[in-house]
2 protein chains.
Amino acid sequence: MINYNEKNLVNQLSIDCVIFGYQQKELKVLVPKLFFKGDFWTLPSGFIFQEEGIDEAAKRILEQRTGIKDIFLEQYRVFGNVPRTTHAALNSMLELNKSHFDTLKVNDNFLEWLTQRFISIGYYALVDINKVVPNLTEIDQSIEWYNISELPPMISDHNQQVVFALEALRQNLDSKLLGFNLLPEEFTMKELQQLYEAVYAKPFRRNNFQKKMLDLEVLERVGKKLTGAANKAPYLYRFKR
Amino acid sequence: MINYNEKNLVNQLSIDCVIFGYQQKELKVLVPKLFFKGDFWTLPSGFIFQEEGIDEAAKRILEQRTGIKDIFLEQYRVFGNVPRTTHAALNSMLELNKSHFDTLKVNDNFLEWLTQRFISIGYYALVDINKVVPNLTEIDQSIEWYNISELPPMISDHNQQVVFALEALRQNLDSKLLGFNLLPEEFTMKELQQLYEAVYAKPFRRNNFQKKMLDLEVLERVGKKLTGAANKAPYLYRFKR
């Protein structure tokens with residue numbers, strides 16, 4: 001990222017990705033920590049090439065920053081008020097790391113370009129943590145899944161973005177369940193309920209939940225889960241194709 | 001708009017507004033026709049000042065282009081693929097109107113700026129056509145409400161934007177009903193159903209519709225509508241505050 005030529009990029013426009021991960025009944029968010037002096041956490045972010053559509057850019061950025069590809073990534077909101085553009089944390093990062101940038105031979109123009117006002121297009125995704133292996137780029141010191149209630153303080157408005165992304169995830173979960181490709185091919189109603197409970201951060205009543213899910217008409221019942229105790233074996237479901 | 005100094009504007013970023021209007025069971029869209037040689041229809045559109053948040057910009061643009069203010073305007077999608085940037089219609093408009101621009105003393109730099117790739121933030125609103133009076137700006141030849149099924153061919157991807165905006169409107173109608181401020185203070189279930197039927201372009205069954213609306217728990221019943229025929233008088237509802 002650092003060695004981009006800013007002339008090939010759309011000016012003042014960035015993309016920030018909120019990657020939700022689900023694992024063992026918990027909802028997490030993928031947060032890289034930048035490889036600079038000081039503690040600078042950030043959402044996986046980047047810029048848009050002039051020859052590139054925004055969805056393409058989001059996929060490229062996500063893959064470059066995390067190694068995650070072929071997932072269902074959706075834009076959900078643009079962050080464009082003026083105060084976000086003060087970028088206090090970004091500026092202090094640039095200040096703290098001046099010499100570091102010299103070592104990396106970072107283009108001065110690019111650094112200046114970075115300190116402009118940016119309007120950011122927010123994308124989000126929900127992935128199965130077991131299925132993706134995030135990796136580090138040259139500008140990341142670490143990349144980790146943080147529980148959504150224990151996020152580190154990120155630069156700019158990135159923590160606030162997570163709040164909006166979570167709202168979008170909740171609003172779209174019913175209709176995007178299949179797309180998120182989050183559950184095994186066949187799953188129990190309990191497994192589905194655990195996913196919803198993690199996303200909504202609250203318990204659902206079993207009967208109500210089952211009724212709501214069946215009413216969506218996206219599930220089909222495929223048999224019982226073999227557990228040995230035949231009477232109590234839960235039904236298995238899959239998504240209708 | 002024409003005499004903007006492009007240096008005060010965020011580069012390559014525009015705002016397009018889809019203003020849905022409801023009147024007499026019909027859903028319409030507000031479409032200005034540009035004041036240039038040739039037939040150039042467009043969504044009410046504009047640009048973002050450097051010192052201005054995007055929501056602020058959307059409100060300003062809408063008010064300047066239509067006279068409509070204080071309405072519930074929501075961003076719903078960014079249009080940013082590359083092909084949209086060919087702007088064929090825009091270029092032919094600029095070509096056709098060269099001499100006209102000279103008369104208007106339009107800045108050449110601004111015209112060149114206009115022909116760059118633009119990524120556009122889409123906003124939509126739903127208004128009561130009786131409550132708003134659109135007005136013409138210096139660059140509009142006419143501004144009219146068109147039935148959603150009879151829109152003129154607009155520049156760039158504006159017709160396609162209406163398709164996405166309608167999808168967003170449908171998806172959000174339940175939760176934004178109060179915000180849209182579209183019905184009289186007190187209304188019948190039938191009036192509400194007519195609104196839904198116009199937005200969804202399909203009939204609903206009366207009983208199902210009533211149940212769905214009451215289940216949302218946003219309505220309260222306030223009495224019967226006085227019609228003379230007391231037995232058949234429909235109930236009146238209002239939104240819970």
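These legends describe several views of a predicted model with chains A and B.

**Figure 1. Overall view of chain A.**
The secondary structure of chain A is made up of seven helices and nine strands. Along the principal axes, the C-alpha atoms of this chain fill a box of roughly 70 × 30 × 30 Å. Chain A has 241 residues, and 51% of them count as buried. When contacts between residues at least 6 apart in sequence are taken, 72% of those in chain A join residues at least 24 apart. The accessible surface of chain A is about 12100 Å², with 49% of that area belonging to carbon and sulfur atoms.

**Figure 2. The interface of chain A and chain B.**
Chain A gives 22 residues to the contact, and chain B gives 22 residues. Between them the chains bury about 1700 Å², and 50% of this area is on carbon and sulfur atoms. Which three residues supply more of the area that chain A buries against chain B than any other three? They are Gln75(A), Val78(A) and Arg117(A), with 25% of that area. How many salt bridges does the rule find across this interface? The count across the interface of chain A and chain B is zero, while over all chains it comes to 18 salt bridges.

**Figure 3. A salt bridge between two strands of chain A.**
The side chains of Glu220(A) and Arg238(A) form a salt bridge, with an N to O distance of 3.0 Å. Glu220(A) belongs to strand β8 (residues 219–224) and Arg238(A) to strand β9 (residues 235–239), so the pair ties together parts of chain A that are 18 residues apart in sequence. Glu220(A) is partly exposed, at 29% relative accessibility. Arg238(A) is also partly exposed, with a value of 32%.

**Figure 4. Two salt bridges in chain B.**
Glu52(B) and Arg60(B) form one of the salt bridges, and their closest N and O atoms are 2.6 Å apart. Are these two residues buried or exposed? Glu52(B) has a relative accessible area of 7% and is buried. Arg60(B), at 15%, is buried as well. Another salt bridge joins Arg65(B) and Asp140(B), where the closest N and O atoms are 2.7 Å apart. Arg65(B) sits in helix α1 (residues 54–66) and Asp140(B) in strand β6 (residues 140–147), so this pair ties together parts of chain B that are 75 residues apart in sequence. Arg65(B) counts as buried, at 5% relative accessibility. Asp140(B) is buried too, with a relative accessible area of 5%.

**Figure 5. Two residues of chain A with positive phi.**
Most residues other than glycine have a negative phi. Gln24(A) is not glycine, yet its phi is positive, near 45°. This residue is in the loop between β1 (9–23) and β2 (26–34) of chain A. With a relative accessible area of 69%, Gln24(A) is exposed. Ser156(A) is likewise a residue other than glycine with a positive phi, here near 50°. Ser156(A) is found in the loop between β6 (140–147) and α5 (158–180) of chain A. Its relative accessible area is 28%, and Ser156(A) counts as partly exposed.

**Figure 6. Arg60(A) in helix α1.**
Arg60(A) lies in helix α1 (residues 54–66) of chain A. Why does Arg60(A) count as buried? Its relative accessibility is 16%, and the word buried applies because this value falls under 20%. Ser99(A) is 39 residues from Arg60(A) along the chain, and the C-alpha atoms of the two are separated by 29 Å.

**Figure 7. The surroundings of Pro134(A).**
Pro134(A) is in the loop between β5 (119–128) and β6 of chain A. At 22% relative accessibility, Pro134(A) counts as partly exposed. Which residues does Pro134(A) contact, leaving aside its neighbours within four places in sequence? They are Leu30(A), Thr66(A), Ile143(A) and Trp145(A). Gln210(A) is 76 residues from Pro134(A) along the chain, and 34 Å separate their C-alpha atoms.

Technical notes: Residues are numbered from 1 along each chain as its sequence is written. Chains are lettered from A and ligands numbered from 1 in the order in which they are written. This is a predicted model: local features need pLDDT of at least 70, side-chain atom pairs count only at pLDDT 80 or more; totals for chains, interfaces and linings use all residues. Side-chain values use heavy atoms; hydrogens and water are left out. Helices (H or I, at least four residues) and strands (E, at least two) are DSSP runs, numbered from the N terminus. Buried means under 20% relative accessible area, exposed over 50%, partly exposed in between (1.4 Å probe, protein chains only). Contact means heavy atoms within 4.5 Å. Accessible areas come from the Shrake-Rupley method with a 1.4 Å probe; for residues, only the protein chains shown count as cover. Buried area is the accessible area (1.4 Å probe) that two parts lose on being put together, summed over both. A salt bridge is a side-chain nitrogen of Lys or Arg within 4 Å of a carboxyl oxygen of Asp or Glu.
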